[in-house]
Amino acid sequence: FASQDVPFNIPHCIARHKNDAPKLSVRDQRLNCRAGSTHNAERERAYDIIASMLKIPFLGEVSPSENQPLPPKMGRLDGLSAQQNKDDSILTWTDVMDKSIKTSTSIVNSDADEDPSQSTSDDGNKPNSEENKYKEMIFGEDALKIPHSAPYCLGRPIRRGHFNISQNYSLHQVLEDLRTIWNWMLTEKLHINPKDRHLYSAILVLGETFDNREMKEMLSIVLCDLGFSTAVVHQEALAAAFGNGLSTACVVNIGAQVTQVVCVEDGVALPHTALALPYGGDDISRCLLWVQQRHRTWPNFKTDPMKKPIDMLMLNKIKEGYSQIRSGSYDAVSVVHSYEHEKSVGHQKTRLSALSVPPMGLLYPRLLIPEEFPPPPRPWFQDCDDMLEDTWQTNDGLSGNGGLGAWDSYQMLPTRVKKFDNIGLVEAIVSSVLSTGRVDLQRKLFCSIQLVGGAASTTGLAPVLE
């Protein structure tokens, strides 16, 4: 609600029960790929460049702290010590069983001479018995903590800032999952009944990565399926600038899978300054695992965030608790959990090293290897206007797929394909600011860069910008 200071932060995830599924499956799993030898060589070179900047041992060298055993009573804690108990807390599996009461009635013979003790229930046991059934749908973070053996199919309708449409994830299913997630959030979190939604208006705050057709599909869900009376699309960069009390800024939005850079002047986002980078917080978490495995500080657990969503949640907790950009060697002691077995979760306290390296991947993206988690294929996106442009038109060949028909008669204007720029964050910021083409504005923006997201810090970027 507009009156709430803190919004609900819920991942766009939904798991549906499948009777024919032997275990947990992920719809877009086939899009993922493992890094090859070329990618690994590039990653190692990027690591050594970062190590030289941070003045830490190179990848082939051994840090002195890695040979030192943990003290018997205390370990070195360089992370957020105030949140230590929270960061080291174990993730629990989601209870996928929906226990419903099965009511049964006693069958009694009408003969008065019949012994009442001979009466039986229709289930042959107690008059009331519990029957375990799988929950039909599970949402948000709970969907990411479903046990491996549970017969569910996990869907993530948004991937790398776009609709997650692929051969195994149709447009119809993506829109249905999106509608179901939003309807659940409105009903269960905001407690707005469907019959009362016509009394409300909705503001849809979207990142700059979404194409025109994707926005029209989401507006159609908000107005037609969810039943809001009116809806307005608001740009995420403008919301960030206004939220920080600024009308002119270079906004850097570091999300889980996409980083966006755009310049705002006098409350208007400049289209030609917008850049989308195909990496974010999840890539930093995967890099954190790779660094620890290369340093041999990670326990002998089969941690695989590409296949097990719960492992990604654990890595995110460690990253948020410890990883930050700072000069010099930076180690920390943390508890690492293993989610290989559903009944018993293993754990081990270990010393994590080179914790400053993973977030530096924002500056050197070859360290992150975003190709392991590629964006969805793009043949569906042909009506690809930029949301920063004033082109809200569509052609007749693409109408009738859930978009609003009022737009179908508009004249079609030339469009440009929105592509990812696989460059470092600092290079993207400099390129975005310089593309304004005005020296006075460039000076103003370089002095007031606002980082939104917390995956990097102005402290780490300032020396590079200078």
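Here is a short tour of helix packing and nonpolar cores in the structure above. Keep in mind that this is a predicted model. Two places to look at are the crossing of helices H7 and H8, which pack at an angle of about 90 degrees, and the largest nonpolar core, with its 35 residues.

**Where H7 meets H8**
- Helix H7 covers residues 281–294 and helix H8 covers residues 309–322, and their axes lie 9 Å apart.
- With an angle of about 90 degrees, H7 and H8 are therefore roughly perpendicular to each other.
- On the H7 side, the contact is made by Gly281, Asp282, Ile284, Ser285, Arg286, Leu288 and Leu289, which meet Met312, Leu315, Asn316, Ile318 and Lys319 of H8.
- By residue type, this contact of H7 with H8 has 6 nonpolar, 3 polar and 3 charged residues.

**The nonpolar cores**
- In the largest nonpolar core, Tyr47, Val261, Val357, Leu367 and Leu425 are the residues that touch the most other members.
- Among the elements giving two or more residues to this core are helix H1 (37–54), strand E14 (259–265), H7 and helix H9 (425–434).
- Another core lies apart from it and has 30 residues, including Val26, Leu288, Phe301 and Leu355.
- As background, nonpolar side chains in soluble globular proteins tend to be buried together.

**Helix H6 and what follows**
- In helix H6 (residues 236–243), you will find Ala237, Leu238, Ala240 and Ala241 buried.
- Viewed down the H6 axis, the buried residues fall within an arc of 160 degrees, so they line one face of the helix.
- After H6 comes Gly245, which has a positive phi, near 70 degrees.

Methods. Residues are numbered from 1 along each chain as its sequence is written. This is a predicted model: local features need pLDDT of at least 70, side-chain atom pairs count only at pLDDT 80 or more; totals for chains, interfaces and linings use all residues. Side-chain values use heavy atoms; hydrogens and water are left out. Axes are lines fitted to C-alpha atoms, for helices over the stretch in contact, and angles run from 0 to 180 degrees between N-to-C directions. Helices (H or I, at least four residues) and strands (E, at least two) are DSSP runs, numbered from the N terminus. Angles under 35 degrees count as roughly parallel, over 145 as roughly antiparallel, 65 to 115 as roughly perpendicular and the rest as oblique. Contact means heavy atoms within 4.5 Å. Ala, Val, Leu, Ile, Met, Phe, Trp, Tyr, Cys and Pro count as nonpolar, Asp, Glu, Lys and Arg as charged, and the others, Gly among them, as polar. A nonpolar core is a set of buried Ala, Val, Leu, Ile, Met, Phe, Trp, Tyr and Cys residues joined through side-chain atoms within 4.5 Å. Buried means under 20% relative accessible area, exposed over 50%, partly exposed in between (1.4 Å probe, protein chains only). The arc is that of the directions from the helix axis to the C-beta atoms.
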